[in-house]
Amino acid sequence: KVHVIECPPDYCCQKSPCSSFNGCNVGREGLLCSKCMQNFSLSLRNENCLDHDVCVSYLFWIFYILNILGYSLFLLFRNDCDKITIVWKYAKELVKTVQQKVIHYFEKEQLKRISNTRPSEHWFDQIPFSTIWQVFVYHTQDISLLQLNEAFQPIGALIWIQETQQKVKDIFGISSIFPQDICFRQMNILDKICIDNSIAPIIFLCFFMGLILLKFVSKERIIRSCHSRISLAILLSVMYSNQKISSTFFSLIQCISLNGKSHLFIYAETECWQSWQYIIIGYISLVTIPQCLVFLLGPQLLSSGQIRNWQFISALYFPAPFLMYWLFLDFTKEGKTFCIRNNSRDLSTLKILDEIRNPFTENKISLWFCWMGIIEIRRLTLVLLDIFLSDKIQNYLAKTALCFLAFIANITAKPYK
């Protein structure tokens with residue numbers, strides 16, 4: 001029997017001239033071309049193996065520090081982002097100009113029948129900065145999971161989507177912001193994953209150091225908002241890094257059979273089912289998957305006063321025990337009594353609810369669960385399809401079906417403002 005196993009993306013030679021039908025890309029060798037040749041190292045930006053002579057490692061620290069400072073400042077001053085009016089003002093004016101041109105076009109074409117249903121010219125003024133930013137981040141991260149160009153040769157609009165996808169990766173990817181020639185000698189894909197995911201805890205450490213510094217500089221104002229800043233920073237760090245962490249962890253337990261042994265797909269030189277992989281499986285089972293239910297049920301319980309702010313934040317990191325407690329509240333009278341006793345909302349609770357629920361409308365669905373949970377479930381499903389459905393055509397069809405279901409759900413529920 002002859003078994004054909006597809007290489008991980010950009011590992012094997014796919015563009016002529018190739019040395020053979022199963023040849024590796026330049027600088028690669030080994031099982032599934034998963035490791036770099038001697039005197040070659042893996043690039044931090046992509047999956048290319050670079051010669052040591054062209055590797056530059058000192059630039060890494062410059063981009064690494066700038067990246068940490070940028071994200072730390074964003075988390076530190078996220079409370080004040082809605083007060084930034086200069087850039088936001090020009091963005092609004094640009095959207096208004098485009099909207100007026102669209103309206104003028106419809107009027108010119110004598111489509112007067114839509115004049116009663118078109119939105120107000122001032123609709124954009126009513127949307128806060130946090131709403132636009134959240135919708136932009138979430139949907140652009142989902143675009144990076146679709147990978148439409150891998151199933152079919154892109155044409156027309158798909159070329160634009162492919163170019164947009166690369167720009168999104170350059171903006172939100174951590175290793176992708178580095179120049180192509182940055183690499184460390186003898187670095188493999190597992191080392192790269194560790195470097196790529198090490199930035200999140202360091203950003204959070206810098207955030208707390210900055211918060212302590214601000215307390216000494218402006219004591220009264222910062223102390224009043226310290227709790228809300230910490231809560232919001234934890235929430236944002238989970239929301240914006242969830243997709244990256246989920247993709248990484250699932251890829252570290254994706255194994256294939258080679259020569260009668262189980263090997264890690266992204267680095268076939270490593271055999272599967274080592275002790276650290278069982279730890280990852282436990283984390284996925286107890287944290288990654290239940291976390292979707294925290295976003296689905298938690299905001300409603302927090303808004304009604306059935307749970308406190310610290311319980312919701314703690315549930316983001318330890319969802320399993322808190323979800324069981326929340327179900328207990330829902331099925332007992334204690335929850336209603338607790339709701340009556342704790343119906344007041346502090347500043348941090350209001351900030352969390354605004355961040356999660358701002359993009360969504362208040363309707364019958366929002367009384368039962370938060371639409372943010374639906375988005376998290378959709379994203380987790382995209383990650384699972386992206387990692388474990390290896391056949392490109394099946395992968396493309398499954399993702400298309402999921403996007404179609406999401407489209408129908410949005411038309412039916414109309415969750416966004």
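**Figure 1. The second largest cavity has a lining of two nonpolar, four polar and two charged residues.** The model shown is predicted, so that local features require pLDDT of at least 70 and side-chain atom pairs pLDDT 80 or more, whereas totals for chains, interfaces and linings use all residues. Residues are numbered from 1 along each chain as its sequence is written, and side-chain values use heavy atoms, without hydrogens and water. In the classes, Ala, Val, Leu, Ile, Met, Phe, Trp, Tyr, Cys and Pro are nonpolar, Asp, Glu, Lys and Arg charged, and the others, including Gly, polar.

**Figure 2. The largest cavity has a volume of about 120 Å³.** Thirteen residues line the largest cavity, and those closest to its centre are Phe-360, Thr-361, Ser-366, Phe-369 and Trp-371. The lining of the largest cavity comprises seven nonpolar, four polar and two charged residues. In total, the structure contains three cavities of 30 Å³ or more. On a 1 Å grid over the protein atoms alone, a cavity is a set of points where a 1.4 Å probe fits but cannot get out; a pocket is an open set with protein on both sides within 12 Å along at least five of seven lines; lining residues have an atom within 4 Å of a point.

**Figure 3. The second largest pocket holds about 460 Å³ of space.** Among the 18 residues lining the second largest pocket, Val-4, Ile-5, Cys-7, Asn-22 and Leu-32 are the closest to its centre. The lining of the second largest pocket consists of 11 nonpolar residues, six polar residues and one charged residue.

**Figure 4. Helix H1 (residues 58-76) and helix H6 (residues 199-217) cross at roughly 55°, with axes that come within 8 Å.** H1 is therefore oblique to H6 (under 35 degrees is roughly parallel, over 145 roughly antiparallel, 65 to 115 roughly perpendicular, the rest oblique). The crossing of H1 and H6 is right-handed. H1 contributes Tyr-64, Asn-67, Ile-68, Tyr-71, Ser-72, Leu-75 and Leu-76 to the contact, and H6 contributes Ile-199, Ile-202, Ile-203, Cys-206, Phe-207, Gly-210, Leu-211 and Leu-214 (contact means heavy atoms within 4.5 Å). The contact of H1 with H6 contains 12 nonpolar, three polar and no charged residues.

**Figure 5. H8 and helix H9 (residues 309-317) cross at roughly 165°, with axes that come within 8 Å.** H8 and H9 are therefore roughly antiparallel to each other, and the crossing of H8 and H9 is left-handed. On the H8 side, Val-287, Gln-291, Val-294, Phe-295, Gly-298, Pro-299 and Leu-302 meet Asn-309, Phe-312, Ala-315, Leu-316 and Tyr-317 of H9.

**Figure 6. H8 and helix H12 (residues 347-357) cross at roughly 140°, with axes that come within 11 Å.** H8 and H12 are therefore oblique to each other, and H8 passes H12 with left-handed geometry. Pro-299, Gln-300, Leu-302 and Ser-303 of H8 make the contact with Thr-349, Ile-352, Leu-353, Ile-356 and Arg-357 of H12. The contact of H8 with H12 has five nonpolar residues, three polar residues and one charged residue.

How values were computed: Points joined across faces, edges and corners; volume = space filled by probe spheres on them. Axes fitted to C-alpha atoms, helices over the stretch in contact; angles between N-to-C directions. Helix = DSSP H or I, 4+ residues; strand = E, 2+ residues; numbered from the N terminus. Left-handed = near helix turned anticlockwise from the far one by under 90°.
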